[in-house]
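Trainee: I would like to go through the labels used for this structure. Can you help me set each one against its rule?

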Amino acid sequence: MLVITGLLEHLGKYVIMMGTAFNRPEKSSMYYKETMRQMNDIGVGSLVIVILIALFIGAVTAIQFAYQLDGTLVPVYYIGYIVRDSTIIELAPTITCLVLAGKVGSNIASEIGGMRQKEHIDAMEIMGVNTAAYLIMPKVVAAVIVIPLLVAIAAFVSVMGGYLAVVPTGMMSSQEYVQGVRSFFDSYNVFMMFVKAIVFAYLLTTISAYQGYYVRGGSIELGKASTNAVVISDIMILVADYLLAVLLT
Amino acid sequence: MIRTENVTKIFGDNVVLSNISAEFHRGKTNLIIGRSGAGKTVLLKLLVGLLTPSSGEIYYDDVRFSSLNKKSLRSLRMKVGMLFQASALFDSLSVEENIRFPLDMFTNMTKKEKTDRVNFCLERVSLGAINDKYPSEISGGMQKRVGIARAIVLNPEYLFCDEPNSGLDPKTSIVIDELIRDITYDHNITTIINTHDMNSVMEVGDNIILLYKGEIAWQGNKDEVVYSENEILQDFIFASPFLQRLRTAAIDEGKHL
């Protein structure tokens, strides 16, 4: 019972915070500037890790499918097709956002939580700034724009990773892999990828912001908030992934 | 003027403030003093609206604080400046950007007008060209002054200072006290200072409220402190044997401290 009331309390506070966050800005130019800063931090700041992870995911997927299909009647070019679709539908949005929940989510929780503890948020409140809006809205907007772009890059890099894993090693020819990648393409899968990326981006930024915004106590609590931001974001991304899979397929 | 009427604040079962009725006058430095845990910070947070009273009312020049809608509250907030105990300067912004932040957020001033205003405020707090320095690159005393500069940049009518002398040496403390007092007098601001610094009490205490266990134990001004017979006040202000001897000597000689 206590767990349920606790969950409902968090949900209520989260909804109220988001209601306050999406209010009319005091000064659009300040919010625009902050959104640009966040887009740079989230987008450019995460590019290298996203590319690295996508490259290896594509490579591993290709090698493991090559191993699975070895000796079967399934044409070898299917490896390219499987890498492309598993990447676009599932691996690029989900794995990228799980990684970003760790990198970006913990950063958001620590940044906002640190501001709460150092009384920066109180200082802004007293000035008349809507702190939920100024500190959260630009992050959400930036993430919802930039993370789908990162996911698209991850999908492309992952397919390239698959190519690099199987073609130079002689598992299959370049033509076969490209033929696989170009076979049975359904643009709806790309739509699904972007829907997932947007939903996951929203979840990971708002959950992390919530954890930071309501942090109390000292550095131990801030550490816990940062950890909770990652753990809860990851869980909610996986739950949303399941629901979207049910809804969109 | 800011006025409180029977303000009570309760956290769970803990009554932190009980029936606080007080007036904080315009153009004067109003001090809230008391031992740690007496409820000073809670009262200050109630006055600035960071906390809501469990019961009672707070009035800003006869406007009931709790009756303000969002728009009125925002316009009132623009008349409020606050200096925080740890200065609360934004670490990632330079000194100039910190002071300019309220101007950027709430005014349509040109860049030059903002820079001029920032420089004026920096001069007002006797700081030179440190515009490009970051908070971590300046001393605690300078951080307090930058905090004051940021607090006054929008020409506030109400200035709140939470422990402005904490962590400062006695000389710097006096400089900060005098600065707050001068700004209060020059700009006719209602200033409320939350402190337990003895020097502040004796130097800038135009109107002093002593909190003890969540209630007002004494109210007066700096000239009345020495001669008051209030035991709680004397126990708090003249806590050390040295200060007690000083007080006795002053009374014997009929002098003001």
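Mentor: Start with overall shape. This is a predicted model. The C-alpha atoms of chain B fill a box of roughly 60 × 40 × 30 Å along the principal axes.

Trainee: What makes up the secondary structure of chain B?

Mentor: Ten helices and ten strands. Take contacts in chain B between residues at least 6 apart in sequence: 64% of them join residues at least 24 apart.

Trainee: How much of chain B counts as buried?

Mentor: Of its 257 residues, 51%. Chain B still exposes about 11800 Å², and carbon and sulfur atoms supply 48% of that area.

Trainee: Why is A:C97 called buried?

Mentor: Buried means under 20% relative accessible area. A:C97 has 0%, so it counts as buried. B:C161 has 1%, so it is buried by that rule too.

Trainee: Why is α3(B) called mostly covered?

Mentor: Eleven of its twelve residues are buried. Among them are B:V95, B:I99, B:F101, B:L103 and B:F106.

Trainee: What do the buried residues of α3(B) pack against?

Mentor: Elements of both chains: α2, α4 and α5 of chain A, and α4 (111-124) and α5 (140-152) of chain B.

Trainee: What makes a set of residues a nonpolar core?

Mentor: Its members are buried nonpolar residues joined through side-chain atoms within 4.5 Å. The largest such core here has 58 residues, and A:Y134, A:I136, A:I147 and B:F101 touch the most other members. Elements giving two or more residues include α1 (2-21), α2 (28-69) and α5 (131-166) of chain A, as well as α3 (95-106) of chain B. α5(A) gives the most, 16 residues. Apart from this core lies another, of 42 residues, including B:V146, B:L233, B:F236 and B:L243.

Trainee: Which residues does A:I147 contact, leaving aside neighbours within four places in sequence?

Mentor: A:I42, A:C97, A:L100, A:A142, A:A197, A:A201 and A:L204.

Methods
Residues numbered from 1 in each chain as written. Chains lettered and ligands numbered in written order. Predicted model: local features only at pLDDT ≥ 70, side-chain atom pairs only at ≥ 80, totals over all residues. Heavy atoms only, no water. Buried < 20%, exposed > 50% of the residue type's maximum accessible area, 1.4 Å probe, protein only. Helix = DSSP H or I, 4+ residues; strand = E, 2+ residues; numbered from the N terminus. Contact = heavy atoms within 4.5 Å. Areas by Shrake-Rupley, 256 points an atom, 1.4 Å probe, with all protein chains shown as cover.
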